[in-house]
Amino acid sequence: EEEEEEEQDAMEAQSSIETHFKFYPSLDLTLHPDGACLDDGNEPGEYALNADEFLFDSREECCAAWFLDADLCLAATGHGTGALLPTSSPTVEDVTPWPTWSDDVFDDDDEEEDEGTGLGTGGGGVYAEGPRIPKIAPPSSPTGVEGTTTIPSPAVVVSQPTEQRTQPPRAESPVFELMKSLPEIVDRNVEHPEPRVRSLVAQVVGAYALYATSLLNWMSSHGLPSHSRSQSEESQTNETQQLPHELKTSIIHSQKGRRQIHRVILASLRSHLAMKEPSRENNPSAASDGALDDTTGWRALETNLHALASYIDGCVGNGFVGENDEEKREDGAISSGSYLLEEAHLFESHDGDGDGEWFLSGLQHCSVVHVNRHVRAASAAVLGVLIKSCMRSRRYSSRETRDYLEDLLVESDSLFRRVLKESLKGTLADNWSQVRMAGSVLCRRYVGALMRIYRGRKKAAMRDGEKVDEEEEEEEEDVTVFESAAGDLVPMLLPRMCLNRFYIAQGVKLYSQDTWKTVFEQQKQSREGEEDTTATAVGGGGMGAVARNAAPLCRYYAKMCDADNHAVREAACQGVAELAQKLGKHSLYAEFLAPHVTILLQALLMCFHDESWPVRDEACLACGTFCLAYAEECLPELPTLFERWTEQMTDQIWSVREDAAVALGDAIAAYGPDMLEKVMKVLKKSLPAAKDQPAMSREEYKKLQNDMQAHTGNQLYSCGSLAPKLRKGGAGRIGCGNCAIDRPKAPWEATDGCIYLMRELCVRFANRDHSEREDVVLDDNTLLPLMTELADSCRLSHYPQSDDLRTTLWRQLPPIAEALGKRRFKSLYLDLFIELLAKNLDDRCGTGASQLSIHAAGQCAEELANLIGVGIFRGRLEAVGREDAFDRVMEERRREQMMAKAAGTGKFLGAKNFSPFGPPIAG
């Protein structure tokens, strides 16, 4: 028995030795604001790599090595003098939720969508570090521990200072020592030669401002006067709570450090603005021998703007602090933690001799004129956080202060509003997508702020019992809230907001479309006694706003059709087509657009000869849509339009040929038999054009493509385009789609365009019951000779592009057959193409058909078989001896469908339920 007891004691001793953990410093200031050394075994794995520095045998050694005040470190875990050992897990009352930079501090009770600073710093940012970064959820306590609760986010501390009673760090805490040192560190590194260091300085500045103003909020709610509370509340707070003098002094010193950092940033920013850097109009990099470029930053200007935006976004204060005039004079201003209240002098104009002149005019220069795109985007981000700060501060302000802050954004004589107007005008139309995205973010924030101010003032007037003129009320009901709130900004903002919904950059396009939905949300209204089904959008929604502002919108679209950027021209053509499609066919708003049809048509006609084929493509479609909506207004330009359409029918780009055919179909629907007669003449002339294609073998064609001598010494092109870099072509236009290389049109391309035109004629006018015009119906006497000619042209194979022509035929034949109908197509037209289709299906005969044409032929055969019956279609193939090829194609189709179905259910090739684009899918 004694031996067993000794053995058990030895095992217990060995177990205690094995479970003993080293002490390590905890740097989590949220749980341990004064520092702490723990031995819970949760030290980071990196600590083991340098155990002599991070791991200790005793708590005393750890505290002495890592923290300034070892007693406070020991007291944090109940081992110091007078410290109490906590009896339960930390709760909200004994945890200090001081915010970090990754937290989103803007808890907007006006339901504003927080877009962050636009700096990519973890708060919903956009630019500095790449794409928009999602918001980071507030940290929570470990799960499974009884008595723990989620640590409240800083937004709770800011917006509800009286509901949460938390304790800040002690006056002796190392965090205050760090805050004393940071202003000097920022001063030394704000213009550091390494840009990554300057970017980190910007994040530190934001964290400092956020921490300091959060302390200020706690201070103003625990014993110091706040302008947002009544005198009775202040006196009651002062009677029940007294702040320690040392803590109060430390918090006030942190505010002085915060203001010192701000002065450093402004001084650096002002010195950079005085350097007279090159503007976009006078840029040395525009010349081939220029030594500068427009993509690198100019010293520290961009990061200065980042730091300023971080500082403004971090200032979340909501109360005044300053007990006597001496303290106010010492600090230079009243400390409120609100940027616009502390720095009001920066937003005031003094006839060219005030701080507001250089500050706001400098931001305008950076966002509109500066040659560097990163600087322009960063300046737009600064303006955005200024608006955010203004809207945040007004929630905690008195009525007088609230009106002052709102007037900065609303009043037409406000310097801030004028700068915002010019900045939005430039950034929303910038050639760089990055800057255009920054302008879109700024636009949403500003428009949202104006609309909330408008609604708030309207509600306040109703509460105050002010009488509203009935005529003014009716006028307000006839317009959208956006128009009422934006006022004189509407003619500038609305056209740019419209066009950016079509911009080629997906980020700008999707964000602008979402902004449009947000601004013109369907706020339904109905009159008394009417059903809810009669409710309509206030002011007609977005369509009504566009109709009422058709004049500035059309002028802007016409101007953008001649812009230097090919992507802008393409978006402008799409916007013009939308006007014709939606307004032109609307019973109420068609008359608003009618006076401007001529100017829009002139702009589109100019785009018909654009070097960029996507612009020509969109111009074709837009003109056809206009003819449908405004047939009478387009009559004077119809001869020119018809000439352009027929030219585009033979274009080198297949999508341009297709859309030209669609536009000719629209013209027939608009002008009837007269236009049909003209189109038929063109069709009969161009349909057999492939017979004139010069003969060339495939070997000769490949040799021509791979001829080294033919490609030696030619112009080099970049980014997959046909446009040389930094070269303007045509009417001084630039862009990746700017193509000055124009190969001759091939005869077979005219036949290819006629196939698309045949599809339009059959689908829209070949069926009497479904024809778009009663006086335009194509019978078999007209169609059969055309289809016969088409089949003969597609049988030709003396040129290598004949395979592409047949590919187009097989893709367009199924919709033609469906439009003609089963019985009609089977009896008259199927035999024209069945032999050619069967030959293309079976490549074993050595025709050398491409995989594209073989696949298109198989898909065409499947669709035709489903239309007229598989048995009937197979019987027709038996007549030409190619039924085996059809059986093989149908088997491959069934196999592909089964594989796709199996892959969709996660059962293909033994795969488990998973998605390659995300986490496992729940079964």
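This is a predicted model: local features need pLDDT of at least 70, side-chain atom pairs count only at pLDDT 80 or more; totals for chains, interfaces and linings use all residues.
1. Overall composition. The protein contains 41 helices and 4 strands. Of its 923 residues, 50% are buried.

2. Helix α34: geometry and burial. Helix α34 covers residues 747-765, a run of 19 residues. The distance from its first C-alpha to its last is 27 Å, close to the 27 Å expected at 1.5 Å a residue. Because 17 of its 19 residues are buried, α34 is largely enclosed by the rest of the structure.

3. Packing of α34 with α35. Helix α35 comprises residues 780-794, and it packs with α34 at an angle of about 150°. The axes of the two helices are 11 Å apart. An angle over 145 degrees counts as roughly antiparallel, and α34 and α35 are therefore roughly antiparallel to each other. The crossing of α34 past α35 is left-handed.

4. Residues between α34 and α35. From α34, the residues in contact are Thr-751, Ile-755, Met-758 and Cys-762. On the α35 side they meet Leu-783, Leu-786, Met-787, Leu-790, Ser-793 and Cys-794. By class, this contact holds 8 nonpolar and 2 polar residues, with no charged residues.

5. Packing of α23 with α24. Helix α23 (residues 550-560) packs with helix α24 (residues 566-583) at an angle of about 145°, and their axes are 8 Å apart. Here, too, the handedness can be stated: α23 passes α24 in a left-handed crossing.

6. Residues between α23 and α24. Which residues of α23 meet α24? They are Leu-553, Cys-554, Tyr-557 and Met-560. Their partners in α24 are Val-568, Arg-569, Ala-572, Gly-575, Val-576 and Leu-579. The residues of this contact divide into 8 nonpolar, 1 polar and 1 charged.

7. Met-606. This residue lies in helix α26, which spans residues 597-607.

Terms used:
Residues are numbered from 1 along each chain as its sequence is written. Side-chain values use heavy atoms; hydrogens and water are left out. The expected span of a helix is 1.5 Å times one less than its number of residues. Buried means under 20% relative accessible area, exposed over 50%, partly exposed in between (1.4 Å probe, protein chains only). Axes are lines fitted to C-alpha atoms, for helices over the stretch in contact, and angles run from 0 to 180 degrees between N-to-C directions. Angles under 35 degrees count as roughly parallel, over 145 as roughly antiparallel, 65 to 115 as roughly perpendicular and the rest as oblique. A crossing is left-handed if the near helix is turned anticlockwise from the far one by less than a right angle, and right-handed if clockwise. Contact means heavy atoms within 4.5 Å. Ala, Val, Leu, Ile, Met, Phe, Trp, Tyr, Cys and Pro count as nonpolar, Asp, Glu, Lys and Arg as charged, and the others, Gly among them, as polar.
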